[in-house]
Amino acid sequence: VPAGDLGVGTKDLDSTHSLENEPPMADVIAWVTERARAFRDAVAGLDDAALTEERSNHRREPFTVRWFIGVMIQHYSYHAGEINHIRALSQRNDDA
C-alpha cells in the first residue's frame, strides 16, 4: 500500500484531528499485517554475514543489521503492550 493511501505524511500538526478522515480499520489492519510480513520475509532472507554488516541510524551512528532487527522486534512488543494496556483500561480490568 503506498504511504499516501493510509494518510501517512498527509496531516500537518496544525490540523484538527477527526476520526472522519481516518481510513477504515480493516484497511489499517491489512496494511500493518502486510508490513509485518514484509519485515519477517526480509529478515528471513538475510544470511549470517548480512547480520553483522553495519548501517547508520537516523543520527548517522553505526549499528549492525542484527541490532536494527532487535530494535524493530522490541518496537512491536512495546506497541503490543500499549494496546493491551488500553484494552484493559477499556474493560476496567487493568491491575496496574
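Here are some questions and answers on the predicted model shown above.

Reader: Before we start, what does the protein chain average in pLDDT?

Author: Happy to begin there. Residues are numbered from 1 along each chain as its sequence is written, and side-chain values use heavy atoms, leaving out hydrogens and water. In this predicted model, local features need pLDDT of at least 70 and side-chain atom pairs count only at pLDDT 80 or more, while totals for chains, interfaces and linings use all residues. With pLDDT being the predictor's confidence in each residue, from 0 to 100, 79% of the residues score at least 70 and the chain averages 83.

Reader: Over which residues does pLDDT stay under 50?
Author: Where pLDDT is low, the predicted coordinates should not be read in detail. A contact means heavy atoms within 4.5 Å, and the model has six contacts beyond four places in sequence for this stretch, which is residues 1-6.

Reader: Is Arg60, with its relative accessibility of 73%, buried or exposed?
Author: Arg60 has a positive phi, near 65 degrees, in a residue other than glycine. Helices (H or I, at least four residues) and strands (E, at least two) are DSSP runs, numbered from the N terminus, and Arg60 sits in the loop between strand E1 (54-56) and strand E2 (62-64). Buried means under 20% relative accessible area, exposed over 50%, and partly exposed in between (1.4 Å probe, protein chains only). Because its relative accessibility is 73%, Arg60 counts as exposed.

Reader: And what is the relative accessibility of Arg92?
Author: Arg92 is not a glycine, yet its phi is positive at about 60 degrees. Its place is in the segment after helix H3 (65-90). Arg92 counts as exposed because its relative accessibility is 77%.

Reader: How many aromatic pairs does the count come to?
Author: Rings of Phe, Tyr and Trp (its six-membered ring) pair if their centres lie within 6.5 Å; planes under 30 degrees apart count as stacked, over 60 as edge-to-face and the rest as tilted. By this rule, the count of aromatic pairs comes to four.

Reader: How many residues apart in sequence are the parts that Phe39 and Tyr76 tie together?
Author: The ring centres of Phe39 and Tyr76 are 5.9 Å apart with planes at 70 degrees, so this pair is edge-to-face. Phe39 lies in helix H1 (residues 25-44) and Tyr76 in helix H3, so the parts tied together are apart in sequence by 37 residues.

Reader: Which residues do ring pairs link into a cluster?
Author: Trp67 and Phe68 have ring centres 5.0 Å apart and planes at 85 degrees, so they form an edge-to-face pair. Trp67 counts as partly exposed at 37% relative accessibility, as does Phe68 at 26%. The cluster linked by ring pairs is Phe63, Trp67 and Phe68.
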